[in-house]
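I opened the model to look up a few places in turn. These are my entries, in the order I made them.

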Amino acid sequence: QSDHHRNYSLVIRRYRHRQRTMTSSLVRIAISLLFALQFTFLSSAFALVMESSISTSKVIDSHLHVWASTDESKKFPYADGQDPPSTLANRASTEQLLKRMDG
């Protein structure tokens, strides 16, 4: 082979290698951009879902104030000044609340 032919072959190989390298780099960049866009889209969609669920959901505060019944307060007395309101003295004991939940 002549030097001219070898140089031409070398130039062609380098050109093809550079093309493959550039193509793979462009593919990598495109994939990275797609993942970034997908993440951005998913983040935005999640934020919208959360915002809409927050604005439409209701919060139910289900805690109970439990007071010892008269019999229970003999065994476990209240601290001074901490007696239950007279309207709840025997109506908000654990026994009464459990009956209401079951009934």
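**Entry: alanine 92.** I looked up alanine 92 and found its place in the loop between helix 2 (70-75) and helix 3 (94-102). The model is a predicted one. Is alanine 92 buried or exposed? Its relative accessibility is 5%, so I noted alanine 92 as buried, the cut-off for that being under 20%. I then listed the contacts of alanine 92, leaving aside neighbours within four places in sequence: they are His65, Val66, Trp67 and Leu97.

**Entry: serine 93.** I moved on to serine 93, which is also found in the loop between helix 2 and helix 3. Serine 93 has a relative accessible area of 3% and is therefore buried. Which residues does serine 93 touch, not counting those up to four places away in sequence? I wrote down Val66, Trp67, Ala68, Ser69 and Glu72. Val66 and Trp67 are on the list for alanine 92 and on the list for serine 93.

**Entry: aromatic pairs.** I searched the whole structure for aromatic pairs and got one. The pair is tryptophan 67 with tyrosine 78; the ring centres are 6.1 Å apart, the planes make an angle of 50°, and the arrangement is tilted. Tryptophan 67 lies in the loop between helix 1 (3-56) and helix 2, and tyrosine 78 in the loop between helix 2 and helix 3, so the pair ties together parts that are eleven residues apart in sequence. I checked the accessibility of both rings' residues. Tryptophan 67 is partly exposed at 21% relative accessibility, and tyrosine 78 is partly exposed at 25%.

**Entry: salt bridges.** How many salt bridges does the structure hold? I found one. Side chains of opposite charge can pair when their charged atoms come close. Here the partners are glutamate 95 and lysine 99, and their closest N and O atoms are 3.7 Å apart. That is within the 4 Å cut-off, so the pair counts as a salt bridge. Why are glutamate 95 and lysine 99 separated by about one helical turn? They are four residues apart in helix 3, which accounts for the spacing because both sit on that helix. Glutamate 95 counts as partly exposed, with 48% relative accessibility.

**Entry: nonpolar surface.** I looked for nonpolar side chains on the surface and noted a patch formed by Leu64, Val66, Leu98 and Met101. Together these residues have about 390 Å² of accessible area. Val66 in this patch is also a contact of alanine 92 and of serine 93. Methionine 101 is found in helix 3. Its relative accessible area is 55%, so I recorded methionine 101 as exposed, the cut-off being over 50%.

**Entry: whole chain.** I left the totals for the end. The chain has three helices and zero strands, and from the N terminus on its elements run α-α-α. Of the 103 residues in the chain, buried residues make up 7%; alanine 92 and serine 93 are among the buried ones. The chain exposes about 9,600 Å², and carbon and sulfur atoms supply 62% of that area. Of the contacts with a separation of 6 or more, 42% are accounted for by residues 24 or more positions apart.

Key: Residues are numbered from 1 along each chain as its sequence is written. This is a predicted model: local features need pLDDT of at least 70, side-chain atom pairs count only at pLDDT 80 or more; totals for chains, interfaces and linings use all residues. Side-chain values use heavy atoms; hydrogens and water are left out. Helices (H or I, at least four residues) and strands (E, at least two) are DSSP runs, numbered from the N terminus. Buried means under 20% relative accessible area, exposed over 50%, partly exposed in between (1.4 Å probe, protein chains only). Contact means heavy atoms within 4.5 Å. Accessible areas come from the Shrake-Rupley method with a 1.4 Å probe; for residues, only the protein chains shown count as cover. Patches are made of residues with over 30% relative accessible area and no salt bridge: like charges are joined within 9 Å, nonpolar side chains (Val, Leu, Ile, Met, Phe, Trp, Tyr) within 5 Å. Rings of Phe, Tyr and Trp (its six-membered ring) pair if their centres lie within 6.5 Å; planes under 30 degrees apart count as stacked, over 60 as edge-to-face and the rest as tilted.
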